[in-house]
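I opened this entry to keep track of what I looked up in one chain. The notes follow the order in which I went through the model.

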Amino acid sequence: MSASPRPDDPPSQDDTPGVDWSPLWPHWDRRAALAPGAGAPPLPPQRAFALIARAAEPFRAGTRFMALPDVRFYRDGAQLRAPGDLLPGAEDRDDPQRYLQRVRERLDGARFQLRVAHPLFLDYPLWARTRALLAPLFARLGLPALPVEASLWIGDADAATLGLRLAPRHVLIQLPLLGACALRSWRTRPAPGRAPAQSLRARPGEALCWPGRHWHELGDEGGCLGLALRVPVRGGDAMIAAKDALADSVDAELGADERVAMLDFPPPRAQRGATALAPLARVAAAMRTAVAAGELERSVRAGWLERVSAGALEPVPVPRAPSRLRAGDEVECDPRNPLLRLREDAGWRWAVAGHSFAMPDHPRLDRLLAQLRSGEAARVSALCARESGHESGRGVDPDLVAVLQRLYELRGLRRRGDVEDA
């Protein structure tokens with residue numbers, strides 16, 4: 001998937017404690033490396049554990065399938081399908097150390113790890129801090145054209161708990177938030193007793209990074225709470241993403257026909273060639289049309305714009321709860337969520353914090369955008385005032401108000417007096 005469409009405003013960063021990603025650049029997707037940090041974890045450990053507990057709560061009643069976030073509990077080299085109250089609950093009082101102690105006692109000292117995949121969309125501030133943390137890395141390497149997968153984990157696992165692993169489609173990054181984690185890496189599948197090619201250890205504020213094509217063992221030193229990231233690097237996944245985008249375009253054209261074609265078997269002699277395969281030929285024709293008419297390109301461009309605004313960190317948080325802007329409200333751009341846009345047919349596609357929407361051309365859109373990007377707060381009535389001499393007289397332009405409302409709901413704007421997302 002091409003990364004050629006470029007939005008007209010680059011993403012910005014916030015004050016999230018950073019990691020010095022520069023030691024990774026010479027070794028990216030080639031060998032394991034340790035990146036130093038500012039000595040403080042990039043995410044608050046207490047809040048990260050609270051998110052783990054929130055994601056795990058529905059799973060305490062039993063296993064859930066095809067659900068996000070995905071919660072998995074490992075013990076003694078195997079996944080427990082129904083861990084029940086081994087998952088965090090009210091008895092842990094949002095205290096990761098208390099949880100670690102409770103589970104150790106329940107398991108008689110057996111090593112374990114709880115891993116939650118895709119949790120960040122439930123907590124906008126943690127999602128935004130993680131996006132800001134990765135921004136300097138992607139500013140140097142380029143933004144992945146496919147989503148970055150994030151996980152949170154807690155436990156005191158060793159190699160026997162998790163086993164030997166290979167993830168050939170991703171570069172893997174681990175950032176401990178509490179405790180420490182260790183990595184042992186081999187370039188090929190190791191024979192028994194064979195020493196690792198590399199052994200690294202990370203503490204809060206540091207990051208471990210290694211290529212997925214290397215065999216590796218992970219372990220927690222004592223009790224560990226951390227953030228794990230999987231960055232896609234293999235071209236096969238891009239092909240699958242393009243195929244899925246094309247399938248979505250075809251489904252919009254033929255989705256009303258939900259029946260599977262049942263062809264005569266054995267086929268009558270009279271039915272030969274394309275006539276017998278007409279149902280499949282219609283799908284092929286719709287695919288050609290979607291490509292030739294530009295529908296596939298528009299879909300890929302819209303998806304790329306959303307991905308840029310999300311820093312590739314998906315799934316993305318839902319928009320703000322609806323709250324109507326009034327004429328007297330003062331609004332300003334939120335520097336954490338830049339307003340991005342690309343030309344699309346006769347209008348524009350705007351994207352903010354992983355969400356996008358289409359907006360027809362308006363003679364005052366460019367001026368409105370310049371006013372918003374000036375860094376000064378302004379009243380809705382001033383930003384959206386009708387031009388003098390307008391046939392409707394004084395007041396505000398409802399189309400411009402609708403743009404501000406949408407940008408506010410997507411967190412591209414903030415309103416004076418609102419309580420900030422914490």
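**Strand 4 and its neighbours**

I began with strand 4 and strand 5 (residues 149–155), which run antiparallel and are joined by five bridges. The model is a predicted one, and I read every entry below with that in mind. For a specific pair I took arginine 115, and found its bridge partner in strand 5 to be tryptophan 153.

I then looked at strand 2 (residues 70–75), which is also antiparallel to strand 4 and is joined to it by six bridges. Here aspartate 70 stands opposite alanine 117 of strand 4.

Next I asked how many of the residues of strand 4 (residues 112–117) are buried. The count is six of six, so by the cut-off used here each has under 20% relative accessible area. I also sorted the side chains by direction. Phe112, Leu114 and Val116 point one way from strand 4, while Gln113, Arg115 and Ala117 point the other way. Both sets are buried, Arg115 and Gln113 included. In a regular strand, side chains alternate between the two faces of the sheet.

**Chain totals**

I noted the overall figures before going further. The chain has 10 helices and 15 strands. It holds 422 residues, of which 44% count as buried. Among contacts with a separation of 6 or more, 78% are between residues 24 or more positions apart.

**Helix 5 against helix 6**

I checked how helix 5 (residues 235–254) and helix 6 (residues 278–292) meet. Their axes come within 9 Å and cross at roughly 115°, and the crossing is right-handed. From helix 5 the contact takes Leu246, Ser249, Val250, Glu253 and Leu254. Helix 6 brings Arg282, Val283, Ala286, Met287, Ala290 and Val291. I sorted these residues by type and got eight nonpolar, one polar and two charged.

I moved on to an open sheet of three strands, in the order 11-12-13, with antiparallel pairing. Strand 11 (340–344) and strand 13 (355–360) are the edge strands, each pairing on one side only. Neighbouring strands of the sheet are turned by 25° against each other on average, direction ignored.

Strand 12 (residues 347–352) pairs with strand 13 over six bridges, in the antiparallel sense. One pair I picked out is tryptophan 350, whose bridge partner in strand 13 is phenylalanine 357.

Which strands does helix 8 (residues 365–373) touch where it packs on the sheet? I found contacts with strand 11, strand 12 and strand 13. The direction of helix 8 makes about 20° with that of strand 12.

**Sheet 14-10-15**

My last entry is on another open sheet of three strands, antiparallel, in the order 14-10-15. Which are the edge strands? They are strand 14 (378–379) and strand 15 (413–415), and each pairs on one side only. Strand 10 (residues 330–333) pairs with strand 14 in the antiparallel sense over two bridges. Across this pairing I noted glutamate 330, which stands opposite arginine 379 in strand 14.

Technical notes
Residues are numbered from 1 along each chain as its sequence is written. This is a predicted model: local features need pLDDT of at least 70, side-chain atom pairs count only at pLDDT 80 or more; totals for chains, interfaces and linings use all residues. Side-chain values use heavy atoms; hydrogens and water are left out. Two strands pair if DSSP finds at least two bridges between them. Helices (H or I, at least four residues) and strands (E, at least two) are DSSP runs, numbered from the N terminus. Buried means under 20% relative accessible area, exposed over 50%, partly exposed in between (1.4 Å probe, protein chains only). Contact means heavy atoms within 4.5 Å. Axes are lines fitted to C-alpha atoms, for helices over the stretch in contact, and angles run from 0 to 180 degrees between N-to-C directions. A crossing is left-handed if the near helix is turned anticlockwise from the far one by less than a right angle, and right-handed if clockwise. Ala, Val, Leu, Ile, Met, Phe, Trp, Tyr, Cys and Pro count as nonpolar, Asp, Glu, Lys and Arg as charged, and the others, Gly among them, as polar.
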